[in-house]
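Here are my notes on this model, as numbered points. Please read them with the structure open.

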Amino acid sequence: MFGWRVNITAPDFDRCIICVAPHTSNWDFVLGKLAYTSVNRKSGFLMKDAWFVFPLGYFFRAIGGVPVYRKNKRGSLVKQLVERYKAEPKLTLAITPEGTRSRTVKWHTGFLTIAHEADIPILLGILDYGTKTIDVSTVFNATGDNEADMKRIKQFYAPYTGKYPDKFTTADE
(Lines give C-alpha, C1' and ligand atoms only; values in the text may rest on other atoms or scores of the structure.)
Protein backbone atom coordinates (compact mmCIF):
# COMPACT_ATOMS: atom_id res chain seq x y z
CA MET A 1 0.00 0.00 0.00
CA PHE A 2 1.94 3.03 -1.32
CA GLY A 3 5.17 1.39 -0.14
CA TRP A 4 3.93 0.95 3.42
CA ARG A 5 4.18 -2.28 5.38
CA VAL A 6 1.02 -3.16 7.32
CA ASN A 7 1.24 -5.38 10.40
CA ILE A 8 -2.11 -5.74 12.14
CA THR A 9 -1.97 -8.82 14.33
CA ALA A 10 -3.70 -7.73 17.54
CA PRO A 11 -6.92 -9.62 18.25
CA ASP A 12 -10.03 -8.28 16.52
CA PHE A 13 -11.87 -7.38 19.72
CA ASP A 14 -15.59 -6.61 19.53
CA ARG A 15 -15.00 -3.51 21.65
CA CYS A 16 -11.72 -1.64 21.97
CA ILE A 17 -9.92 1.66 21.51
CA ILE A 18 -7.08 2.03 19.04
CA CYS A 19 -4.60 4.59 20.36
CA VAL A 20 -2.83 5.96 17.26
CA ALA A 21 0.47 7.89 17.25
CA PRO A 22 2.46 9.71 16.04
CA HIS A 23 -0.19 12.07 14.66
CA THR A 24 1.38 14.96 12.73
CA SER A 25 -0.54 15.04 9.43
CA ASN A 26 -4.02 14.63 7.97
CA TRP A 27 -2.50 11.77 5.94
CA ASP A 28 -2.33 9.75 9.18
CA PHE A 29 -6.10 9.37 9.07
CA VAL A 30 -6.12 8.24 5.43
CA LEU A 31 -3.26 5.76 5.87
CA GLY A 32 -4.63 4.36 9.12
CA LYS A 33 -8.16 3.95 7.79
CA LEU A 34 -6.90 2.24 4.60
CA ALA A 35 -4.58 -0.07 6.55
CA TYR A 36 -7.24 -1.18 9.03
CA THR A 37 -9.78 -1.70 6.26
CA SER A 38 -7.21 -3.70 4.23
CA VAL A 39 -7.38 -6.47 6.85
CA ASN A 40 -11.21 -6.45 6.85
CA ARG A 41 -11.59 -4.62 10.13
CA LYS A 42 -13.85 -1.67 10.88
CA SER A 43 -13.11 1.23 13.16
CA GLY A 44 -14.73 4.54 13.86
CA PHE A 45 -12.71 7.57 14.84
CA LEU A 46 -12.87 10.80 16.79
CA MET A 47 -12.36 14.00 14.79
CA LYS A 48 -12.60 17.73 15.42
CA ASP A 49 -16.18 18.92 14.85
CA ALA A 50 -15.05 21.51 12.29
CA TRP A 51 -14.65 18.70 9.75
CA PHE A 52 -18.31 17.70 10.09
CA VAL A 53 -19.76 20.46 7.91
CA PHE A 54 -21.74 19.87 4.73
CA PRO A 55 -20.99 17.82 2.68
CA LEU A 56 -18.01 16.28 4.53
CA GLY A 57 -20.07 15.64 7.65
CA TYR A 58 -22.23 13.05 5.90
CA PHE A 59 -19.14 11.29 4.55
CA PHE A 60 -17.24 11.23 7.86
CA ARG A 61 -20.28 9.97 9.80
CA ALA A 62 -20.87 7.27 7.17
CA ILE A 63 -17.35 5.91 7.66
CA GLY A 64 -17.57 5.95 11.46
CA GLY A 65 -16.68 9.52 12.42
CA VAL A 66 -17.62 10.88 15.83
CA PRO A 67 -17.34 14.68 16.13
CA VAL A 68 -15.48 16.12 19.11
CA TYR A 69 -16.91 19.48 20.19
CA ARG A 70 -14.16 21.45 21.91
CA LYS A 71 -15.73 24.90 22.29
CA ASN A 72 -19.41 24.22 22.97
CA LYS A 73 -19.28 21.53 25.61
CA ARG A 74 -22.12 19.06 25.15
CA GLY A 75 -21.42 17.16 28.34
CA SER A 76 -18.43 14.98 29.02
CA LEU A 77 -17.26 13.15 25.89
CA VAL A 78 -15.50 10.62 28.12
CA LYS A 79 -18.71 9.81 30.02
CA GLN A 80 -20.70 9.61 26.78
CA LEU A 81 -18.19 7.18 25.27
CA VAL A 82 -18.04 5.02 28.41
CA GLU A 83 -21.83 4.67 28.26
CA ARG A 84 -21.72 3.99 24.52
CA TYR A 85 -19.11 1.24 25.00
CA LYS A 86 -21.19 -0.32 27.77
CA ALA A 87 -24.32 -0.27 25.59
CA GLU A 88 -22.96 -1.40 22.23
CA PRO A 89 -21.81 -4.99 21.69
CA LYS A 90 -19.40 -3.95 18.89
CA LEU A 91 -17.51 -0.67 18.95
CA THR A 92 -13.97 0.18 17.92
CA LEU A 93 -12.76 3.79 17.87
CA ALA A 94 -9.38 5.14 16.83
CA ILE A 95 -8.17 7.98 19.04
CA THR A 96 -5.04 10.11 18.76
CA PRO A 97 -3.85 10.82 22.31
CA GLU A 98 -2.06 14.00 21.23
CA GLY A 99 -5.41 15.45 20.15
CA THR A 100 -3.64 17.67 17.62
CA ARG A 101 -1.24 17.50 14.71
CA SER A 102 0.97 20.07 16.43
CA ARG A 103 3.76 19.31 18.87
CA THR A 104 2.43 18.86 22.39
CA VAL A 105 3.75 17.30 25.58
CA LYS A 106 0.23 17.20 27.10
CA TRP A 107 -1.41 14.07 25.72
CA HIS A 108 -5.09 13.53 26.49
CA THR A 109 -5.91 10.80 28.99
CA GLY A 110 -9.63 10.44 28.26
CA PHE A 111 -9.08 7.28 26.23
CA LEU A 112 -7.41 5.68 29.27
CA THR A 113 -10.40 6.56 31.45
CA ILE A 114 -12.83 5.25 28.83
CA ALA A 115 -10.94 1.96 28.49
CA HIS A 116 -10.66 1.44 32.24
CA GLU A 117 -14.27 2.35 33.07
CA ALA A 118 -15.75 0.42 30.13
CA ASP A 119 -13.37 -2.51 30.80
CA ILE A 120 -12.07 -2.67 27.23
CA PRO A 121 -8.56 -3.14 25.83
CA ILE A 122 -6.50 -0.51 24.05
CA LEU A 123 -4.63 -1.43 20.88
CA LEU A 124 -1.48 0.62 20.37
CA GLY A 125 -1.44 1.66 16.71
CA ILE A 126 1.76 2.98 15.16
CA LEU A 127 2.09 5.16 12.05
CA ASP A 128 5.86 5.20 11.63
CA TYR A 129 6.94 7.33 8.66
CA GLY A 130 10.59 6.51 9.39
CA THR A 131 10.12 2.89 8.36
CA LYS A 132 6.82 3.34 6.48
CA THR A 133 5.17 0.89 8.83
CA ILE A 134 1.63 0.76 10.17
CA ASP A 135 1.47 -1.59 13.13
CA VAL A 136 -1.37 -2.61 15.42
CA SER A 137 -0.02 -5.59 17.32
CA THR A 138 0.26 -4.47 20.95
CA VAL A 139 -2.60 -4.73 23.45
CA PHE A 140 -2.52 -2.39 26.45
CA ASN A 141 -4.84 -2.62 29.45
CA ALA A 142 -5.50 0.59 31.36
CA THR A 143 -4.91 0.27 35.10
CA GLY A 144 -6.85 3.31 36.28
CA ASP A 145 -3.60 5.15 37.06
CA ASN A 146 -3.67 7.49 34.07
CA GLU A 147 -0.34 9.12 34.89
CA ALA A 148 1.55 5.82 35.06
CA ASP A 149 -0.28 4.42 32.03
CA MET A 150 0.49 7.51 29.95
CA LYS A 151 4.15 7.30 30.90
CA ARG A 152 4.27 3.70 29.64
CA ILE A 153 2.40 4.62 26.44
CA LYS A 154 4.72 7.54 25.70
CA GLN A 155 7.73 5.24 26.23
CA PHE A 156 6.17 2.80 23.78
CA TYR A 157 5.80 5.48 21.08
CA ALA A 158 9.19 7.17 21.68
CA PRO A 159 11.09 5.32 18.88
CA TYR A 160 8.60 6.22 16.15
CA THR A 161 8.60 9.10 13.66
CA GLY A 162 5.67 11.15 12.39
CA LYS A 163 5.40 12.59 8.89
CA TYR A 164 6.63 15.84 10.40
CA PRO A 165 9.10 14.69 13.10
CA ASP A 166 9.38 18.15 14.69
CA LYS A 167 5.64 17.98 15.51
CA PHE A 168 5.89 14.79 17.59
CA THR A 169 7.24 14.37 21.09
CA THR A 170 6.86 11.89 23.90
CA ALA A 171 8.55 14.25 26.39
CA ASP A 172 6.73 15.25 29.56
CA GLU A 173 7.94 18.87 29.54
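1. Helix H4 is followed by Asp119, whose phi is positive, near 55°. Helices (H or I, at least four residues) and strands (E, at least two) are DSSP runs, numbered from the N terminus. This is a predicted model: local features need pLDDT of at least 70, side-chain atom pairs count only at pLDDT 80 or more, and totals for chains, interfaces and linings use all residues. Residues are numbered from 1 along each chain as its sequence is written, and side-chain values use heavy atoms, with hydrogens and water left out.

2. Which residues of H4 are buried? In this helix, residues 110-118, they are Gly110, Phe111, Leu112, Ile114, Ala115 and Ala118. Buried means under 20% relative accessible area, exposed over 50%, partly exposed in between (1.4 Å probe, protein chains only). The buried residues of H4 pack against helices H3 (77-87) and H5 (146-157). They also pack against strands E2 (15-21), E5 (91-95), E6 (122-128) and E7 (133-140). Contact means heavy atoms within 4.5 Å.

3. Now the helix pair. H3 and H4 pack at an angle of about 35°, with their axes 9 Å apart. Axes are lines fitted to C-alpha atoms, for helices over the stretch in contact, and angles run from 0 to 180 degrees between N-to-C directions. From H3, Val78, Leu81, Val82, Tyr85 and Lys86 meet Gly110, Thr113, Ile114, Glu117 and Ala118 of H4. The residues of this contact divide into six nonpolar, two polar and two charged. Here Ala, Val, Leu, Ile, Met, Phe, Trp, Tyr, Cys and Pro count as nonpolar, Asp, Glu, Lys and Arg as charged, and the others, Gly among them, as polar.

4. The largest nonpolar core has 26 residues. Such a core is a set of buried Ala, Val, Leu, Ile, Met, Phe, Trp, Tyr and Cys residues joined through side-chain atoms within 4.5 Å. Those with the most contacts inside it include Ile17, Tyr85, Phe111 and Ile153. H4 gives the most to this core, with five residues. Ile153 touches Cys19, Trp107, Phe111, Leu112, Leu124 and Phe140, not counting residues up to four places away in sequence.

5. A disulfide is a pair of cysteine sulfur atoms within 2.5 Å. Cys16 is buried at 1% relative accessibility, and Cys19 is buried at 0%. The whole structure has zero disulfides.
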